[in-house]
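Subject: Structure handover

Hello,

Here is the structure you were waiting for. Please open it first; my notes follow below.

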Amino acid sequence: MAPLDALTGETRMYIALATSLLLALAVAAAPPQLEDYPVELTRIDHFAPTRPPHDGVTWKMDMYLRGDGQDGDLDFADRFTVYLAGCGSGCIEYVLIDRVSGEVHPGQTLNNGRLAHRRDSRLLIVTQNDGYGHPDRIEYLLWTGERLERIAYEERAFVPD
């Protein structure tokens, strides 16, 4: 390979452009972080009665919501509770309960699932897999004000302990 000082100005320009493009792609490929989507916190003095939806949740979640849907702390996007119900071995179902209106937004049923979220963020990170030895499937869901919208997805290879 020729020394850098032997390269033409045009070749140097192409190298600089390619380097910039690769750097931009590397930065864009970084997964979203909870702190990337802040939300301003407000004071909520009391929770509205939970209003389970007519469809979109399993019978078991419906039963839990009607029984103790007032339980849970504010823990997502300022005014929501991420409410979990177990639905079998390694299975969970989640919904979002709007504590101001009482409206319930159906989530997903997850296999070997786990969630990452904070009250001061609109990002919900949903991870699941098909069991030991299988890769994690990670969805990055952003609360738009009306619904969760997937903004990124990745799979991470299984790494044994």
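Is Arg156 buried, exposed or partly exposed? Arg156 has 42% relative accessibility. That value lies between the cut-offs, under 20% for buried and over 50% for exposed. Arg156 therefore counts as partly exposed. One caution before the rest: this is a predicted model.

Arg156 also has a charged partner. Its side chain meets that of Glu154 in a salt bridge, at 3.2 Å from N to O.

**The strands**

Start with E6, which covers residues 136–143. Seven of its eight residues are buried, so the rest of the structure largely encloses this strand.

E6 has E5, residues 123–128, as a partner. The two run antiparallel, joined by six bridges.

Keep one general point in mind when you view the side chains. In a regular strand they alternate between the two faces of the sheet.

E6 and E7 form a hairpin with four residues between the strands. Gly145 takes a positive phi, near 110°.

**The salt bridges**

How many salt bridges does the model have? The count comes to 10. Two others are worth a look.

- Asp130 and Arg137: their side chains meet in a salt bridge at 3.3 Å, N to O. Asp130 is partly exposed, because its relative accessibility is 47%. Arg137 is at 22%, so it counts as partly exposed as well.
- Arg147 and Glu149: the closest N and O atoms of this salt bridge are 3.6 Å apart. Arg147 has 44% relative accessibility and so counts as partly exposed. Glu149, at 36%, also counts as partly exposed.

**In brief**

E6 is largely enclosed, with seven of eight residues buried. Arg156 is partly exposed and has Glu154 as its salt-bridge partner.

Best regards

Key
Residues numbered from 1 in each chain as written. Predicted model: local features only at pLDDT ≥ 70, side-chain atom pairs only at ≥ 80, totals over all residues. Heavy atoms only, no water. Buried < 20%, exposed > 50% of the residue type's maximum accessible area, 1.4 Å probe, protein only. Pairing = 2+ DSSP bridges. Salt bridge = Lys/Arg side-chain N within 4 Å of Asp/Glu carboxyl O.
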